[in-house]
Amino acid sequence: MNVSRRRFLAGGATLALAGVTNARAAAPNVNVPNVPNVTNVTAPEPPALRAMRAGARLAPPDYPETPIWGYEGHVPGPVLRVAQGERLTRRFVNALPQPSTIHWHGIRIVNPMDGVPELTQAPVPPGGDFLYDFIAPDAGTWWYHPHHRTWEQMARGLYGALIVGEPTPPRVDRDEVLLIDDWRLTGDAGIHESFGAMMDWSHAGRIGNWVTVNGGGEFRLPVRRLERLRLRLVNTANARIFTLGLEGMEGWIVALDGQPLDTPAPVPVPDGRIALAPAQRADLIVDVTAGDGARALLVSFEREHDRIIATLDVGGLARPERLPAAEALPPNPVPPLGDLAAARRVTLRMEGGAMGGMREAMMEGRVMETRELVKAGRVWAFNGLAEMPREPLLTASRGETVRIAMVNDTAWPHAMHLHGHHFRRLGADGRPGPLRDTVLIDRHETAEIAFVADNPGDWLLHCHMLEHSVSGMKTWVKVAA
Ligand code: C2O
Ligand code: CU
């Protein structure tokens, strides 16, 4: 690590802030009542989850509050917790000036609860409500966010964590959820109203100038040396890819995108860097190795400077020696891949964007030239189509193993997310990698994924750089009932 580089606290440089103090917002933990799964019992009224306007202290105290949109008036929204196999019930109440929905990102739930306006439900109008009710099949780190005008609603603060607990959780002293977000704020800490800027849509997306962890510009935690922590890292930014590293902490990656790693040996946090694309998660189990009185850091490596995402102030000793290596998390009931050689394979060609050279694409049933597409707010295309296709990319029979080769024929990286399933990326040698729900595909790179299409319904496949998704990078797959 280059220690001579300048360092900034999570918030960063653009607001030109001095003396940032702890502005970490409280994320109340909501315990889900144990709703009996019996039909002849009148279930209690499910708790509400309200999307509303509110104010939040994102920036340091000498700045005004930021007018945000938040679940239950907070950013992030409440951490929802449920045990594996249990039912989660929330009445979504829309107190926003726009229609909205909730999508439960990554968790393999039933299709009607997926919260996708184009495929699974009508958007809930202002003043309306919708009952979300599903069983959480997999333990892990999931999250929730709107799926209508996501590029605006998430950027205003609508997101929260959904934690599904393992029946026997791993032994740690602390379990922390860190929702890392990137905001575009004005000089007086307002939300920059530059929504719909084609410059963002055709380039890297809405990249911000202020980073928060759990809604605050600085995340601090008092710890003891050799304390063991589980860190659940979630990238809730619209478009920013974080490259993270640890200092004064050592440990293992135990899950990616919520799903436990199933490698034969624990995977040490690579010396240096963990790339976290928008929507991706990484669960780490780490030991604080920094000395008493020192700091342990979670750092984001950026072009201009390194950014401190989290500071752990070490005081005292938790135990005389390091604990033995972390054990693997118990696997979730995700079906194993079938015969890959025999599996059906479809191609998804991604094109468009700045410097992409796309001349035309189909929209509304005809070929449009780039200029016309831009006027219609479209700058990207999947297989030559710049809108949500009427027909699915693929119709799978239930339980079928399928392969999708995603060819990134653009000058930009993309974070492709499949709903309702986890997939494995096939390596250059054809070997399947870890289970994921979002894959980062570099410019001019091809990522081939394989998954068992076992969850019936219509499932979106889109870029999670939200400005890309709205401007053409969206398709879907159908799994027969
Ligand atoms: Cu995190 Cu389609 O969503
Ligand atoms: Cu993209």
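The legends below describe close-up views of a predicted model. Local features need pLDDT of at least 70 and side-chain atom pairs count only at pLDDT 80 or more, while totals for chains, interfaces and linings use all residues; side-chain values use heavy atoms, with hydrogens and water left out. Residues are numbered from 1 along each chain as its sequence is written, and chains are lettered from A and ligands numbered from 1 in the order in which they are written.

**View 1. Protein donors of the copper ion (ligand 2).** Donors are N, O and S atoms within 2.8 Å of the metal (3.2 Å for Na, K and Ca); water is not among the atoms, so sites may look incomplete. Along the chain, the donors follow the spacing H-x48-C-x4-H. His414 belongs to strand E29 (residues 414-418) and His468 to helix H4 (residues 466-470), a pair 54 residues apart that links distant parts of the chain. Helices (H or I, at least four residues) and strands (E, at least two) are DSSP runs, numbered from the N terminus. His414 has 0% relative accessibility and therefore counts as buried; His468 is also buried, with a relative accessible area of 0%. Buried means under 20% relative accessible area, exposed over 50%, and partly exposed in between (1.4 Å probe, protein chains only).

**View 2. Surroundings of Asp257.** Asp257 is part of the loop that runs between strand E16 (249-256) and strand E17 (259-260). Because its relative accessibility is 0%, Asp257 counts as buried. Leaving aside residues up to four places away in sequence, Asp257 touches Thr141, Trp142, Gln280, Arg281, His422, Arg436, Asp437 and Thr438. Contact means heavy atoms within 4.5 Å.

View 3. The whole structure holds 7 aromatic pairs. The ring centres of Trp104 and Tyr144 are 5.5 Å apart with the planes at 40°, so this pair is tilted. Rings of Phe, Tyr and Trp (its six-membered ring) pair if their centres lie within 6.5 Å; planes under 30 degrees apart count as stacked, over 60 as edge-to-face and the rest as tilted. Trp104 is buried at a relative accessible area of 0%, and Tyr144 is buried at 0%.

**View 4. Arginine charges over aromatic rings.** The charged end of Arg156 sits over the ring of Trp69, 4.8 Å from the ring centre. Arg206 has its charged end over the ring of Phe195, 4.1 Å from the centre. A charge sits over a ring if NZ of Lys or CZ of Arg is within 6 Å of the ring centre and within 35 degrees of the ring normal.
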